[in-house]
Amino acid sequence: MTYRSQRVAYPYFVVALLLFALQVVMGLWVGLQYVLTVPQSVVDVFPFATSRAMHTNLLVLWMLLGFMGATYYLVPEEAESELAWPRLAIFQLVLLVGTGVAALVGFLFGWTQGRPLLEIPTTLDFLVVAGALIFLANVGVTLWRARRWNVLQGALLGGLVFLAVMYLFGMPFYPNLAMDWYYWWWVIHLWVEGAWELITAAMAAFMLLKLTGVDRKVVEKWLYVELGLFLFTGIAGTGHHYYWLGAPKAWLLVGGAFSALEPFPILLMLYDTWRSTREHGRSLAPGLTWLYLGGMAVLHFVGAGLFGFAHTLPQINYYTHGSQVTVSHGHLAFFGAYALLNLSFFYFAIPRLKGLPEGRYDERAGRWGFWLMTLGILGMSLAFAVAGVLQTYLERIRGEPFMVAQAPMRFWMLIVVLHGLLVVAGVVVTVKHLLTLGPERTSARPAAELQAIGVGAGASS
Amino acid sequence: MSERLAKSIFWVGTLSSLVVFLAMTVHTHRNFAALTHAEALDDKVVAGKHAFERHNCNDCHTILGFGAYYAPDLTRAYARLGEDGVRRRLESPEVVFASSYRKMPQQHLSPTEVEDLVAFLAWVSRIDNHDWPPQDSPHRWQRSTERALASAALSPAAALVQQENCLACHALGTGGGSVGPRLEWIGARRDVDYIARYIANPEAVSHGSRMPAFPHLSEGQRLMIGEFVVSLATDRSTP
């Protein structure tokens, strides 16, 4: 950390982490409702729909706050100047968290817009827009005043403006259900396979630059190519959601062709991460930060790239659409791409915000957290996938009624919940570790010993 | 690779995809009215969509395959369950799903809301979405029932179904009414005994059912109808 105003990032990270913990705990209850028979009296008061709205909105809220905090950390260093209005950034956090809490409490009392992931009532939507405008103004003015443009800032700011503009398409009431879903995907798809990918690429490039000291020119060049491929496949790839909603048949071709290419930019990003770890001369430290960056690159590719590709072609999607197959892909992709991205950034930035020497910290508990979470999510996604394949066969191919097909799936939902326990444990450990990061205990330990226990493995220096 | 080439990859990639996407959006808007029967999208249907959102139905159910995956897809619910089936689930879910391992909340809908939701689901069920979902595909209903009906002339149960005018309310194949659930769908989830008891006295099996009782049929005749209805389901297992 070189600039005082970067400190506003820390409260963003803290709130994001607490909401993350709340999200996974709620997720456990969402999963249990598939396994248990919840009595009517409970269902009447706290239905599945409410718990799911909370689970998904907590996800969106903590990830967006994470991105915003990361942006506030990153922008001063890239622009080489203080943030325009640091206090406004804190006000913005209070505003957004207040809106989020009001929305979550509102859900409990049935105050909802009633559209999945966009449940926040229209009144509160305006507060979200106000918060986003404050954020963009703060970042925009800082960059404008500094007049030091580069592709990294461009990708970040472009992604953030893209994100904010797309949110507007989710606000109106659409009388026609098909058109409603058409524009719903402008928010959801163009977020996760457009705007968020821009932000991810920028944040990842920033961390790689700072951690490895690879040539900036090379990183920037590859960033252009990655972004070009992300947007080329991602924008028209929105069509893979338009197969069965009452849109023209041409979408089957356009959506299928473009989205089939979507794994390539992610693969390029994976290669890019691997290459920058090989080419530079320093050792890969801190080990845990690198574990996160590597984990993100791999699981982003597996969850979003491979699991996404598995059901993106219309011939397959006809049978898997709207089944637990989608759920399996959704969990692994969100975790691999965006949860790990945010956590990587937290592990990168928090030690620096705390002024720990060289950004090193005591890593031990964090490793437990990483592996518990990652193995938990992997197992969970595989169990969802088995449930999804069962559903596809029984309901979609054999034509069994929904509830008949769900019966044998309940066992696999139990497996999901058991892995969910691992995830919750991992998240609790990780959140606690990140909030109490301390200096490295054994900083005097010789490098050879570190090598022996696998810390900094792969370092070629 | 030069930086110039990298930059042009970015711009060509982004802009070409954007052009395709926007052109397709125009194409979609030109076709939406016909594909979704927009002429039938009246105030009642819109009121139904409002009710659908007010009660957060979409965070348990999917519709057009989107939403939560906890409860059945509603795209063809109207065609599958019939008007009365939809209405009864909305009015008294605690009765309909009393023995189910998964419940639907009792939301105390007003009679107007119920009617609006029925109108909304009826409109949705007609959206031309390339025959999705497969389990409710009319083409598949047709193929499987054609075989069953081909032997109907020889089947006393089929004759009974005709004689008692079951198809005035229930759908079968591509014909029949839309008041009660479709016969193939009943056959897939109920056994012969249940169907026979239901025919004898619907009210006793499912409180609030609007189906009339058929006490004039003998036990044997009722079981025969039950067997016929169940047999409709087994044929569906071949896609």
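1. Let's start with a helix pair in chain A of this predicted model. Helix 3 (residues 48-79) of chain A and helix 4 (residues 86-108) of chain A have axes that come within 10 Å and cross at roughly 175°. Angles over 145 degrees count as roughly antiparallel, so helix 3 of chain A is roughly antiparallel to helix 4 of chain A. Sorted by class, the contact between helix 3 and helix 4 of chain A has eleven nonpolar, three polar and no charged residues.

2. Who meets whom in that pair? From helix 3 of chain A come T50(A), A53(A), M54(A), N57(A), L61(A), L65(A) and Y72(A). Across from them, helix 4 of chain A brings A89(A), L96(A), G100(A), A103(A), L104(A), F107(A) and L108(A). As you look along the helices, keep a general point in mind: an α-helix has 3.6 residues a turn, so residues three or four places apart point the same way.

3. Stay with helix 4 of chain A for a moment. Helix 4 of chain A has 23 residues and reaches 34 Å from its first C-alpha to its last, close to the 33 Å expected at 1.5 Å a residue. Which residues of helix 4 of chain A are buried? They are A89(A), Q92(A), L93(A), L96(A), T99(A), G100(A), A103(A), L104(A) and F107(A). These buried residues pack against helix 1 (9-35), helix 3 and helix 5 of chain A. After helix 4 of chain A comes G110(A), with a positive phi near 75°.

4. Now compare a second pair in chain A. Helix 6 (residues 151-168) of chain A packs with helix 8 of chain A at an angle of about 30°, and their axes are 9 Å apart. Angles under 35 degrees count as roughly parallel, and therefore helix 6 of chain A and helix 8 of chain A are roughly parallel to each other. On the helix 6 side of chain A, the residues are V151(A), L152(A) and A155(A), and they meet E220(A), L223(A), Y224(A) and L227(A) in helix 8 of chain A. By class, this contact between helix 6 and helix 8 of chain A has six nonpolar, no polar and one charged residues.

5. Helix 8 of chain A turns up again where the two chains touch. In total, 62 residues of chain A are in contact with 65 residues of chain B. Helix 8 (residues 216-237) of chain A gives the largest share of chain A's side, ten residues. That side of chain A divides into 38 nonpolar, 15 polar and nine charged residues.

6. Over in chain B, have a look at helix 5 (residues 111-124). Helix 5 of chain B has 14 residues and reaches 20 Å from its first C-alpha to its last, close to the 20 Å expected at 1.5 Å a residue. Its buried residues are D116(B), L117(B), V118(B), A119(B), F120(B), L121(B), W123(B) and V124(B). What covers the buried residues of helix 5 of chain B? The cover includes helix 7 (177-212) of chain A, together with helix 2 (43-54), strand 1 (62-63) and helix 3 (77-91) of chain B.

7. Is L183(B) buried or exposed? The cut-off for buried is 20 or more other C-beta atoms within 10 Å, so L183(B), with 26 C-beta neighbours inside 10 Å, counts as buried. Leaving out residues up to four places away in sequence, L183(B) touches H170(B), A171(B), L172(B), V229(B) and L232(B).

8. Zooming out, the domain assignment of chain B gives domain 1 (1-34), domain 2 (36-133) and domain 3 (137-237). The C-alpha centres of domain 1 and domain 2 of chain B lie 36 Å apart.

9. Most residues other than glycine have a negative phi, and most peptide bonds are trans. L117(A) has a positive phi near 70° though it is not a glycine, and L117(A) lies in the loop between helix 4 and helix 5 (122-146) of chain A. With 19 other C-beta atoms within 10 Å, L117(A) is partly exposed. E358(A), also not a glycine, has a positive phi of about 55°; E358(A) sits in the loop between helix 13 (324-353) and helix 14 (364-397) of chain A. With 11 other C-beta atoms within 10 Å, E358(A) is exposed. In chain B, the peptide bond from W132(B) to P133(B) is cis, with omega near 0°, and P133(B) lies in the loop between helix 5 and helix 6 (138-150) of chain B.

Definitions and conventions
Residues are numbered from 1 along each chain as its sequence is written. Chains are lettered from A and ligands numbered from 1 in the order in which they are written. This is a predicted model: local features need pLDDT of at least 70, side-chain atom pairs count only at pLDDT 80 or more; totals for chains, interfaces and linings use all residues. Two residues are in contact if their C-beta atoms, placed from the backbone, lie within 7 Å. Helices (H or I, at least four residues) and strands (E, at least two) are DSSP runs, numbered from the N terminus. Ala, Val, Leu, Ile, Met, Phe, Trp, Tyr, Cys and Pro count as nonpolar, Asp, Glu, Lys and Arg as charged, and the others, Gly among them, as polar. The expected span of a helix is 1.5 Å times one less than its number of residues. A residue is buried if 20 or more other C-beta atoms lie within 10 Å of its own, exposed if 12 or fewer, and partly exposed in between; C-beta atoms are placed from the backbone. Axes are lines fitted to C-alpha atoms, for helices over the stretch in contact, and angles run from 0 to 180 degrees between N-to-C directions. Angles under 35 degrees count as roughly parallel, over 145 as roughly antiparallel, 65 to 115 as roughly perpendicular and the rest as oblique. Domain bounds come from an automatic or database domain assignment.
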